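Welcome! Here is a friendly walk through one protein model, topic by topic. Keep the structure in view as you read.

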Amino acid sequence: MASTFKGGFHVPDHKGLTNSIATKPMPDCDVHIYPLKQHIGAPLSALVKVGDHVDVGQRIADTDQFVAVPVHSSVSGTVTDIKPYYHDSGAMVDAIFVENDKKYTVSDEVQPKNYKVTSAKELLKCIREAGIVGMGGAGFPTHIKLSPKTKVDYAILNCAECEPYITADHRYMLENPDDMIIGLKIVMKILDLKDGYIGVELNKKNAIEALKASPECDESIHIVPLKVKYPQGAEKQLIKAVTGRRVPAGALPADAGAVVVNGATSVTIAKAITTGMPLIERNVTVSGDAVKTPSNFRVRTGVPASFVIENAGGFISTPEKVISGGPMMGIAQYNTEYPIVKTTSSILALLHAPKTFDPDTPCIRCGRCVNHCPMQLMPFKLRDAAQKGDIDMAAKHYVTECIECGLCSYICPANKNLLQYIRMIKPEVLKKQREEAQKNGR
């Protein structure tokens, strides 16, 4: 029987556009652009200057702050500029421009290790130095996640990939099952666990079979089939489905005895340790009805999205919306010149926006947003609080527990964009809570 959680909804997945398309290599791109913001945490400083030569895998930006990881060059070539540039978050971010010499000379910094004889402490250091972050979209530094303050019981790979259209992780499971399981075993070694779990939605049965058929899949690896339902891949919902445990309000997954790592991140961990190559490339799905040839690509970081789209045949017509990520949690873009970064799983181009919202339509109190909320919140109450600017009311109704999956907006028959209101009030609540904690000396 497939495991799942309470709430959620089966959103049409549209994965048929690319799930059978093998990952293609990306042709050479002349200029790569590396934003200094590619993770949650402290900002980075450039380690290179204009005119410097860089090699593949060389660190080009870093900081001594703990909640941060370096950025590496994915090509060899010359640094031509360091200036603010478009980022897929919508902000302008300092970025390093490298002219690709197309020789792909590998840096001396790239040194492989044998994970079986390397200590857990050294493995954790290697993961940090490889610039690895959560590649499912959040971008949280992986070495922090693998350093819980309490002992955990479960290491879980998140291979649900529940966002519509995206099939990048599906291809990792089919094409890199050995690396994915080796990455999980490295995580298990760091956390001192004998068993590891991989959660995969049942619309990826061939991926489940590929993982089971891997020579790396032994009695310590447990494949958990998951019900096809959005947002099955959300961290807290995945933990509930796999372990039966609930992450308490205000707590972290480790407080429920679990650590969750994205499937793509696991592949990258394995490659970083066994080959020494840091996070400099990833699978990217290019999909949507505006794309001529929907495809999966293996893309080096720094390539402009426009170049990736061009290699998918371009647009058949001008799209109404281009999204970095999926249609539920992705970010709409105002141009396609933003570069591919560590967290870019998909470029989605749609001829028509998935849904048009109406700010003037009143809430009809149908309760659908409540019934389907995966966090058992009351989104309509949070919208009311945001409209009134009532921070205390929003806190009372646990706005900080919202995972921003967008399901409430998707399912609302009155076409209210509840998530937009939640995103307006949530930072204010968090700010007030931080100020109160500082005042009380916590």
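Y85, Y86, F97 and Y334 form one aromatic cluster. The model is predicted, so to speak of local features a pLDDT of at least 70 is needed, side-chain atom pairs count only at pLDDT 80 or more, and totals for chains, interfaces and linings use all residues. Residues are numbered from 1 along each chain as its sequence is written, and side-chain values use heavy atoms, with hydrogens and water left out.

**The aromatic cluster**

- A pair of aromatic rings is described by the distance of the centres and the angle of the planes.
- Rings of Phe, Tyr and Trp (its six-membered ring) pair if their centres lie within 6.5 Å; planes under 30 degrees apart count as stacked, over 60 as edge-to-face and the rest as tilted.
- By that rule, the structure holds five aromatic pairs.
- One of them joins Y85 and F97, whose ring centres are 5.3 Å apart with planes at 85 degrees, so this pair is edge-to-face.
- Y85 belongs to strand 7 (residues 77-86) and F97 to strand 8 (residues 92-100), so the pair ties together parts that are twelve residues apart in sequence.
- Helices (H or I, at least four residues) and strands (E, at least two) are DSSP runs, numbered from the N terminus.
- Buried means under 20% relative accessible area, exposed over 50%, and partly exposed in between (1.4 Å probe, protein chains only).
- Y86 and Y334 also make an edge-to-face pair, with 5.7 Å from centre to centre and 75 degrees between the planes.
- This second pair links distant parts of the chain, 248 residues apart: Y86 is in strand 7, while Y334 is in the loop between strand 16 (331-332) and strand 17 (346-350).
- Y86 is partly exposed, with a relative accessible area of 28%, and Y334 is exposed, with 54%.

**Charges over rings**

- A charge sits over a ring if NZ of Lys or CZ of Arg is within 6 Å of the ring centre and within 35 degrees of the ring normal.
- F97 has such a neighbour: the charged end of K83 sits over its ring, 5.1 Å from the centre.
- The charged end of K229 sits over the ring of F5, 4.4 Å from its centre.

**Strand 7 and its partners**

- Strands of a sheet pair through backbone hydrogen bonds, either parallel or antiparallel. Two strands count as paired if DSSP finds at least two bridges between them.
- How many bridges join strand 7 to strand 8? There are nine, and the two strands run antiparallel.
- K83 stands opposite A95 in strand 8.
- The hairpin of strand 7 and strand 8 has five residues between the strands, and G90 there takes a positive phi near 100 degrees.
- Strand 4 (residues 53-54) is antiparallel to strand 7 and joined to it by two bridges; H53 has T78 as its bridge partner.

- An open sheet of six strands has the order 1-14-13-17-15-16, with mixed pairing.
- Its edge strands are strand 1 (24-25) and strand 16, each pairing on one side only.
- Strand 15 (residues 321-324) and strand 16 pair in the antiparallel sense over two bridges, with S324 opposite I331 in strand 16.

**Helix 1**

- The buried residues of helix 1 (residues 120-129) are L123, L124, C126, I127 and R128.
- Their cover includes strand 5 (59-62), helix 2 (142-145), helix 4 (177-191) and helix 7 (263-275).
- Just after helix 1, G131 takes a positive phi of about 70 degrees.

**Two buried polar residues to look up**

- Q38 is found in the loop between strand 2 (31-35) and strand 3 (45-46), and Q38 is buried at 5% relative accessible area.
- A polar atom of the Q38 side chain lies 3.1 Å from the backbone oxygen of P35, and one lies 3.2 Å from the backbone nitrogen of K342.
- Leaving aside neighbours within four places in sequence, Q38 is in contact (heavy atoms within 4.5 Å) with V71, V133, V341, K342 and T343.
- R383 has its place in helix 10 (residues 379-388) and counts as buried at 8% relative accessibility.
- Not counting residues up to four places away in sequence, R383 touches C363, R365, K416 and Y421.

Terms used
A polar contact is a pair of N or O atoms within 3.5 Å; within protein, one must be able to donate a hydrogen and the other to accept it, and residues adjacent in sequence count only if both atoms are side-chain atoms.
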